[in-house]
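Welcome, and thanks for opening the viewer.

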Amino acid sequence: QVQLVESGGGLVQPGGSLRLSCAASGSIFSISVMGWFRQAPGKQREFVARITSGGSTNYADSVKGRFTISRDNAKNTVYLQMNSLKPEDTAVYYCNADVLLHSRSRLNTWGQGTQVTVSS
């Protein structure tokens, strides 16, 4: 019913930048919250950032001041601008969305993930 497609991952040197995108499509009436999580090898998935439809944001302490989340409600797309990247930011980054469907049922859904590798 709803698909989230991430893009923008890749290999970057420490101190570099990347911009992730996540586009939602399907039977969407509205999306209340969109966010990013990440999972490093051997670790649990962790929260990175979230943004409401009104533009309110929250960040994990580990990324505050370096990452910026934004969204385009008209395009059902969320972005994550990542600056001053560190090796410990290496992970698979997942998009998440709380969706209100046209049927008026709610759905929390995940993207397939995009790999971010920070290494020299």
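Select Phe37: with a relative accessible area of 22%, Phe37 is partly exposed. Keep in mind as you look around that this is a predicted model.

The structure holds two aromatic pairs. Take Phe37 and Phe47 to begin with: their ring centres are 5.8 Å apart and the planes stand at 75°, so this pair is edge-to-face. The two residues are ten residues apart, with Phe37 in strand S4 (residues 28-39) and Phe47 in strand S5 (residues 46-52). Phe47 is partly exposed, at 27% relative accessibility.

Now turn to Phe37 and Trp110. Here the ring centres lie 5.0 Å apart and the planes meet at 65°, so this pair is edge-to-face as well. Trp110 belongs to strand S10 (residues 106-110) and Phe37 to strand S4, so the pair ties together parts that are 73 residues apart in sequence. Trp110 is also partly exposed, with 36% relative accessibility.

From here, move on to Tyr93, which sits in strand S9. Is Tyr93 buried or exposed? Its relative accessibility is 0%, so Tyr93 counts as buried. Show the residues in contact with Tyr93; beyond its neighbours within four places in sequence, they include Glu6, Trp36, Phe37, Arg38 and Met82. Zoom in on Arg38, whose side chain is joined to that of Tyr93 by a polar contact of 2.9 Å. Then pick Glu6: Tyr93 and Glu6 are 87 residues apart along the chain, yet their C-alpha atoms are separated by 8.6 Å.

Stay in strand S9 (residues 91-101) for the next stop, Cys95. Which residue forms a disulfide with Cys95? The partner is Cys22, and the two sulfur atoms are 2.1 Å apart. Cys22 lies in strand S3 (residues 18-26), so the pair ties together parts that are 73 residues apart in sequence. The structure holds one disulfide, and both of its cysteines, Cys22 and Cys95, are buried. The torsion about the S-S bond is about -80°, so the disulfide is left-handed.

Finally, colour the open sheet that contains S3: four strands in the order S1-S3-S8-S7, with antiparallel pairing. Strands S1 (2-7) and S7 (67-72) stand at the edges with a single partner strand each, so one side of each has no neighbour in the sheet. Neighbouring strands are turned by 15° against each other on average, direction ignored. Between S1 and S3 there are six bridges; to see a bridge pair, select Gln3 and its partner in S3, Ser25.

Notes. Residues are numbered from 1 along each chain as its sequence is written. This is a predicted model: local features need pLDDT of at least 70, side-chain atom pairs count only at pLDDT 80 or more; totals for chains, interfaces and linings use all residues. Side-chain values use heavy atoms; hydrogens and water are left out. A disulfide is a pair of cysteine sulfur atoms within 2.5 Å. Buried means under 20% relative accessible area, exposed over 50%, partly exposed in between (1.4 Å probe, protein chains only). Contact means heavy atoms within 4.5 Å. A polar contact is a pair of N or O atoms within 3.5 Å; within protein, one must be able to donate a hydrogen and the other to accept it, and residues adjacent in sequence count only if both atoms are side-chain atoms. Two strands pair if DSSP finds at least two bridges between them. Axes are lines fitted to C-alpha atoms, for helices over the stretch in contact, and angles run from 0 to 180 degrees between N-to-C directions. Rings of Phe, Tyr and Trp (its six-membered ring) pair if their centres lie within 6.5 Å; planes under 30 degrees apart count as stacked, over 60 as edge-to-face and the rest as tilted.
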